[in-house]
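Here is a short note for a colleague who is opening this model for the first time. Please keep the structure in view while reading the points.

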Amino acid sequence: MDYRNILVRTEARVGLVTLNRPRQLNALNDALMDELGAALLGFDADPAIGAIVITGGDKAFAAGADIEAMADWDCMQVQERQFITRNWETLRQVRKPVLAAVAGYAMGGGCELALGCDIVIAAESAQFALPEIKLAMLPGAGGTQRLPRAIGKAKAMDMCLSARALTAQEADRYGLVSRVVPDEQLLDAALALATRIAGFSLPALMAIKECVNRADQGALDEGILFERRALYARFASADAHEGMHAFLGKRAPNFLHR
Ligand code: HXC
């Protein structure tokens, strides 16, 4: 595949994917997600690879789903074409360990991408938020399900309902990330950890990942389906379109239903 929105390389037994739409703060459009899915499946199938790292840029891991792309979609288009959601299952199919190395903004779908990885390493600059409420949208890529599992209901509700952002240190304290490192050490730390993991027995790693995920998999499957339907329904809402267009127009939203 010809990659335009990500960079892909290998370091020893580690596959590295760098999200690369810096001008849009790595906003996750379908093209980027298609490429990410292809890269992940490629590394998963490659016997020379034992672990995968996903990272972004210095300013943003990813600022969420691409608001410009989705601002005019309606509910039926989203359902029929599975816009924004079609590639998120791919991440869940990957059997090898996947690490997120996060600097800067991890917002909305960007935060959900990190939450969907097996281990999150944060740079000190990292900020985690599910701010979809500001757009009259909702976190629709597993965030409403994975965040409470990661940090508990109280903190998750606070973040989802008020758009509160967590600093890297808060995210570490609450259990969203596994370690925090200085920004300049982020990639080296992530690659070193991934290399250490990739040195272990791959079948054992995959078995452990499957078991840990099985801890709440049944309920998670149900929850993700429920969340996705709720996300699609948001596209039937005038407030959601107003919220997205207000963001793009750099103005405050004027919601009909407050
Ligand atoms: C499209 C985006 C974007 C996004 C930023 N940009 N986030 N474009 N989709 N999610 C664009 C801006 O329009 C701008 O383009 C450029 O990137 C730089 O962004 P600025 O806002 O100028 O930067 P800054 O002032 O530093 O603010 C950074 C920010 C802010 C706080 C991260 O960009 C922001 O709030 N972004 C939106 C975050 C968000 O709401 N995410 C959730 C999306 S919904 P121009 O052309 O003006 O330079 C979502 C739902 C997931 O993720 C559902 C399932 C997948």
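1. Start with L28, in the loop between β2 (14-19) and α1 (30-45). Helices (H or I, at least four residues) and strands (E, at least two) are DSSP runs, numbered from the N terminus. L28 is buried, at a relative accessible area of 3%. Buried means under 20% relative accessible area, exposed over 50%, and partly exposed in between (1.4 Å probe, protein chains only).

2. Which residues touch L28, beyond its neighbours within four places in sequence? They are L19, M33, A62, G64, A65, D66, W88, G109 and G110. Contact here means heavy atoms within 4.5 Å. Look also at I84, 56 residues from L28 in sequence, with 8.1 Å between their C-alpha atoms.

3. A word on the basis of these values. This is a predicted model, where local features need pLDDT of at least 70 and side-chain atom pairs count only at pLDDT 80 or more, while totals for chains, interfaces and linings use all residues. Residues are numbered from 1 along each chain as its sequence is written, and side-chain values use heavy atoms, with hydrogens and water left out.

4. N26 sits in the loop between β2 and α1. Its phi is positive, near 60°, and N26 is not a glycine. Is N26 buried or exposed? N26 is buried, with a relative accessible area of 3%.

5. K250 also deserves a check. Its phi is positive at about 55°, and K250 is not a glycine. K250 lies in the segment after α12 (238-248). With 78% relative accessibility, K250 counts as exposed.

6. Now turn to strand β5 (residues 98-102). Of its 5 residues, 5 are buried, so β5 is largely enclosed by the rest of the structure. V98, A100 and V102 point one way, L99 and A101 the other, and all are buried. In a regular strand, side chains alternate between the two faces of the sheet.

7. Which strands pair with β5? Strand β3 (residues 51-55) runs parallel to β5, joined by 4 bridges. Two strands pair if DSSP finds at least two bridges between them. I54 has A100 of β5 as its bridge partner. Strand β7 (residues 119-123) also pairs with β5 in the parallel sense, over 4 bridges. Here A100 has V120 as its partner in β7, and L99 stands opposite I119.

8. Follow β7 onward. 4 of the 5 residues of β7 are buried, so β7 is largely enclosed by the rest of the structure. Strand β10 (residues 179-181) runs parallel to β7, with 3 bridges between them. A123 faces V181 of β10.

9. Next, the chain as a whole. The protein chain has 12 helices and 10 strands. Its radius of gyration is 17 Å, close to the 18 Å that the globule rule gives for 258 residues, so the chain is as compact as a globular protein of that length. That radius is taken over C-alpha atoms, and the rule is 2.2 Å times the number of residues to the power 0.38. The C-alpha atoms fill a box of roughly 55 × 35 × 35 Å along the principal axes.

10. Of the 258 residues, 52% count as buried. Among contacts with a separation of 6 or more, 72% join residues 24 or more positions apart.
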